[in-house]
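Hello,

Here is the structure I promised to pass on. My notes on it follow below.

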Amino acid sequence: MNTETLAARRVVLDLLESVLRRRVPLDDALDQHRGLPGLEPRDRAFVRLLTATVIRRLGQIDAVVLSLLARPDLPKAGVLDILRVSAAQLLFLGTPAHAAVDTGVELAVAKGLAGMKGLINAVLRRLAREGADLLAAQDAGRLNTPDWLWLAWRQHYGTGHTRAIVDAHLVEAPLDITVKGDPHAWAERLEATVLPTGTLRRAAGGSVTELPGFNEGAWWVQDAAAALPARLLGDVAGLTVIDLCAAPGGKTAQLAAAGAKVTAVDRSAPRLDRLSRNMERLGLSVATAVADATKWQPDEPVDAVLLDAPCSATGTIRRHPDVARLKTPEDVGRLSGVQRRLLDRAIDMVKPGGLVVYCTCSLQPEEGEEQLSKLLSRRLDVMVEPIIPVDLAYGAEADVEALAPLVTDSGDVRTTPGHWAELGGLDGFFMTRLRRTA
Ligand SMILES: C[S@@+](CC[C@H](N)C(=O)[O-])C[C@H]1O[C@@H](n2cnc3c(N)ncnc32)[C@H](O)[C@@H]1O
């Protein structure tokens, strides 16, 4: 193995240490790693892919490794991570067996674990021989899903749909794009298909900034489900709209492009700064406020508020497999308290008769359906303005039948990665539309 390849694998080991033991989100760990900028772009992309693959397939990999060890528990962290990295290459990334085995042994030496070379070599050789059969006998979706998520989803969505969700998590999400103009006009240039909601979809991978139209600000990256909440406010041209918890600004851009007078509020100055740079690239103009939205107040009530509340983000596991390993039931409990306070503030900001759209990118009912039912029992000045499938459609020829499964009987929207499997899935979101009545 050349020194650069070894350097890339060592970065992967550092990243696994950060994510799995220090509980740092993978994107932050990637941003913070000092060795990463020194690698070739191709090696950087490989580092991300390999780390994400280990985390995405952690349950499967650990089960295989454990079955090949002559002991009942997993080895110490340093050895285990080396085995995980080589196993991910062997089992999921198509690395030739000899290269994956050599990598493991060389990494052990590089990390001062030369004494473990024999064990690593023996396990990886068996893995190369028996791995495919062991994998074929596994329940991949279940093994890669922590118990608390599996149980919560099964209770809320039923076993069949939970299976569809966990199977969708095995594959990285496609790249979704919202265009300012006509999606059909951009589909060909971006080698993308147009979804029934007007979002453009192309395979994941490659450099987004090098695609046509990026520098001109013709479009931005936004999951198809994430593009729906702003649409639920209807025609916003000329209306005053507050986008609460707005950064990095995907929904702000939709509202501004549709002609709303938008104030984007976020408590994170660096994230709001990123929002401003995004708006500049897109040629859109919005007001911004760095503030805690549980305390901030507009000068006067506005026509509409969009609240994309902070949440456990369990709807984004396809894109961020680390979420499944980092988030806990306690996070869901804590965040649902924050969401409750934000939702009350959002309703207070809107004029009587005005609309509030509440959404979270979580699959947990505590952050969606249950949050809404608690709101409706504590506040009498707000009612649900039911959503119908055509509200989600883009253009007259949209396939409304494809949209119907996303709308619940109570007139809310619930998307999951198990929806539209044949089109490449959706991020998990809950969204509801409320009207202030008094
Ligand atoms: C789900 S992200 C928002 C994504 C964004 N709406 C978009 O479409 O690009 C949640 C955001 O909420 C912000 N946030 C969290 N707590 C907040 C609070 N109390 N007040 C204001 N912003 C908050 C975070 O900084 C983060 O940028």
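Helix α15 covers residues 329-349 and helix α16 residues 369-378; they pack at about 50°, with axes 11 Å apart. Helices here are DSSP runs (H or I, at least four residues), numbered from the N terminus. Axes are lines fitted to C-alpha atoms over the stretch in contact, with angles from 0 to 180 degrees between N-to-C directions.

This is a predicted model: local features need pLDDT of at least 70, side-chain atom pairs count only at pLDDT 80 or more, and totals for chains, interfaces and linings use all residues. Residues are numbered from 1 along each chain as its sequence is written, and side-chain values use heavy atoms, without hydrogens and water.

Which residues meet in this pair? From α15 come Ser336, Gln339, Arg340, Leu343, Asp344 and Ile347. From α16 come Gln371, Leu375 and Arg378. Contact means heavy atoms within 4.5 Å.

Now the domains. The domain assignment, automatic or from a database, gives domain 1 (3-138) and domain 2 (175-436). Their centres, taken over C-alpha atoms, are 36 Å apart. Between them the domains bury about 820 Å², 56% of it on carbon and sulfur atoms. Buried area is the accessible area (1.4 Å probe) lost when two parts are put together, summed over both. In domain 1, Arg23, Ile55 and Arg56 lose the most area to domain 2, together 50% of what that side buries.

Best wishes

Technical notes:
Helix = DSSP H or I, 4+ residues; strand = E, 2+ residues; numbered from the N terminus.
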